[in-house]
Amino acid sequence: MSVGITSVDTTSVELPRTLVFSPRANDTSHVLASVAQRRGLLTEHLTGWRVPEGFLVGGPAHLYAGPLFADAVAAELGIALLEPPDDWLTRLPYEALRREIRMLTMAQAWTLRTPAFLKPPNDKSFPARVYLDGTQLPGADAVDADTPVLASDPVTFTVEFRLYVLDGEIVTGAQYAIDGDLDIEPLDGHESEQRVLGFAKDVLREAVDTLPSGVVMDVGLIGGEPAVIEANAAWASGHYAADPERVLDVVLRAAGPSAEAGERDRQFVRPAAERVD
């Protein structure tokens with residue numbers, strides 16, 4: 001897949017940018033750190049869930065981390081975290097989803113008495129999976145009643161793909177699952193590449209204004225037909241076999257200096273978490 005993109009300009013400031021990571025390393029953080037260093041960015045792996053006093057970065061900071069850690073440090077680092085709206089999936093037409101999806105509160109989800117695939121839109125407050133009914137969900141002692149929940153008809157995705165999107169354009173992607181099991185392959189040269197890309201481009205053409213400029217969109221096949229699985233924050237997503245250079249471009253945009261967030265992207269900035277000391 002050959003595409004052209006505009007990378008974050010890392011030469012327009014005197015001091016180099018710094019890509020910050022959480023203490024918990026994974027394959028993607030290792031890969032992104034290597035790519036960032038080759039570009040001349042600094043990399044810092046924090047050792048705790050607080051930004052240390054006197055912590056210095058070279059220039060503007062960016063972040064790759066899970067949602068809870070990002071909430072803990074983003075404000076202190078001056079980083080705007082871009083993410084899709086909680087209800088983004090519910091705005092798409094049935095033809096893009098091939099299933100019914102609605103937004104509930106956790107209180108409403110507790111009352112469900114039929115099977116549904118339930119997930120928190122933009123965090124991991126409870127496991128995303130098919131629940132036989134609402135009684136299987138974590139209770140009020142674990143999750144707030146007003147927590148948003150996406151509820152969808154249970155479906156089977158035979159193949160699942162991750163697509164990285166920058167300014168409405170798909171810049172790289174990878175297969176990450178077959179029949180629900182992890183199975184990683186590059187999207188380049190995949191037998192479903194053109195079908196998946198063609199479908200995703202059509203979706204983005206209609207929905208580009210409803211997503212941040214740097215984002216991840218997952219697409220799967222249901223009975224051989226493509227459908228949107230979900231959209232996620234690029235700064236917290238695994239890259240699988242996607243091109244790490246292009247992944248880094250999207251991550252830098254999706255979690256960068258608040259002062260650099262464009263006017264259009266400000267509506268997609270994740271609300272600052274309340275800090276508890």
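The legends below describe close-up views of a predicted model.

**View 1. An open sheet of four antiparallel strands.** The strand order is S5-S8-S6-S7. Strand S5 (101-105) and strand S7 (129-131) stand at the edges, and each has a single partner strand, so one side of each lacks a neighbour in the sheet. From one strand to the next, the twist averages 40°. Strand S6 (residues 116-119) pairs with S7 in the antiparallel sense over three bridges. Phe117 has Val130 in S7 as its bridge partner.

**View 2. An open sheet of five antiparallel strands.** Here the order is S11-S10-S9-S12-S13. Strand S11 (181-186) and S13 are the edge strands, each pairing on one side only. On average, and with direction ignored, neighbouring strands of this sheet are turned by 30° against each other. Strand S12 (residues 214-222) and S13 run antiparallel and are joined by seven bridges. Val216 has its bridge partner, Asn232, in S13.

**View 3. Helices H6 and H7 lying across strands of the five-stranded sheet.** Helix H6 (residues 193-207) lies across strand S9 (159-166), S10, S12 and S13. The angle between H6 and S12 is about 125°. H7 lies across S9, S10 and S12, and runs at about 60° to S9.

**View 4. The crossing of helices H1 and H7.** The axes of helix H1 (residues 27-38) and helix H7 (residues 244-254) come within 10 Å and cross at roughly 85°. At that angle H1 is roughly perpendicular to H7, because angles of 65 to 115 degrees count as such. From H1, the residues in the contact are Val31, Leu32, Val35, Ala36 and Arg38. They meet Pro244, Glu245, Val247, Leu248 and Val251 in H7. By class, the residues of this contact divide into eight nonpolar, no polar and two charged.

**View 5. The aromatic pair of Tyr176 and Tyr240.** The structure holds four aromatic pairs. In the pair shown, Tyr176 and Tyr240 are stacked, with 5.0 Å centre to centre and 15° between the planes. The pair links distant parts of the chain, 64 residues apart. Tyr176 belongs to strand S10 (residues 169-178), whereas Tyr240 sits in the loop between strand S13 (225-232) and H7. Tyr176 has a relative accessible area of 9% and is therefore buried, the cut-off being under 20%. Tyr240, at 27% relative accessibility, counts as partly exposed.

How values were computed:
Residues numbered from 1 in each chain as written. Predicted model: local features only at pLDDT ≥ 70, side-chain atom pairs only at ≥ 80, totals over all residues. Heavy atoms only, no water. Pairing = 2+ DSSP bridges. Helix = DSSP H or I, 4+ residues; strand = E, 2+ residues; numbered from the N terminus. Axes fitted to C-alpha atoms, helices over the stretch in contact; angles between N-to-C directions. Parallel < 35°, antiparallel > 145°, perpendicular 65-115°, else oblique. Contact = heavy atoms within 4.5 Å. Nonpolar A, V, L, I, M, F, W, Y, C, P; charged D, E, K, R; others polar. Phe/Tyr/Trp six-rings, centres within 6.5 Å; stacked < 30°, edge-to-face > 60°. Buried < 20%, exposed > 50% of the residue type's maximum accessible area, 1.4 Å probe, protein only.
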